[in-house]
Amino acid sequence: MRTHPPWYKQFWPWFMIGLLFSSVAFSLIYLTLSIRFFDGSVKGDYYKEGLAINEQIAKQQHAQSLGLAATLRADPRTGDVVVDLQGEERPEQLHLALIFPTDGNRDRELTLRHVRQGRYVAMVDEPLRYRWYLQLQPSEGSAAEWRLTGEARFPDDAAVALTPGI
């Protein structure tokens, strides 16, 4: 007659218990990490921001009706940001929003001064690197009449086109 050893001396019960404990342990680790390193990618007022899309489209259509377009160059050595604006409008200053795709804390705002015939200049304190979304408009905030948008990867010596983006 063959006797079986008790359950606690066999491999398979301990293997199943180990799987259960490991899944609980990994779940607790991931829960702790997700709470500790919350990135805040969803803004609290996302509904109102979603409704504002029509307003942004109207600004871009207005820029298109004015025949506006721009090219942007950023010099990584001097920190100069130069924008050449083509079209009917020449405000005294432009506001450039540099939006980092994954981290809102890295976003930047620049005020570009008009120097001559559609050329605007500003300086950045540290060199631009990585990928950015660009928004160019004549005044800060939602009061702007028009907006040009683009996307750039820095450092790059090539000019970046800013268009109405419709």
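Helix α3 spans residues 53-65, and its 13 residues reach 18 Å from the first C-alpha to the last. That is close to the 18 Å expected at 1.5 Å a residue, where the expected span is 1.5 Å times one less than the number of residues. Helices here are DSSP runs of H or I with at least four residues, strands are runs of E with at least two, and both are numbered from the N terminus.

A note on what you are looking at: this is a predicted model, in which local features need pLDDT of at least 70, side-chain atom pairs count only at pLDDT 80 or more, and totals for chains, interfaces and linings use all residues. Residues are numbered from 1 along each chain as its sequence is written, and side-chain values use heavy atoms, with hydrogens and water left out.

Which residues of α3 are buried? They are Lys59, Gln60 and Ala63, buried meaning under 20% relative accessible area and exposed over 50%, with a 1.4 Å probe and protein chains only. These residues cover an arc of only 95° around the axis, which puts them on the same side of α3; the arc is that of the directions from the helix axis to the C-beta atoms. On the other side, Asn54 and Ser65 are exposed. Strand β7 (148-154) is included in what covers the buried residues. Just after α3, glycine 67 takes a positive phi of about 70°.

Now to the strands, which pair if DSSP finds at least two bridges between them.

| Antiparallel pair | Bridges | A bridged residue pair |
|---|---|---|
| β3 (93-99) and β6 (130-137) | five bridges | alanine 97 and glutamine 135 |
| β6 and β7 | seven bridges | tryptophan 132 and alanine 152 |

How values were computed:
Contact = heavy atoms within 4.5 Å.
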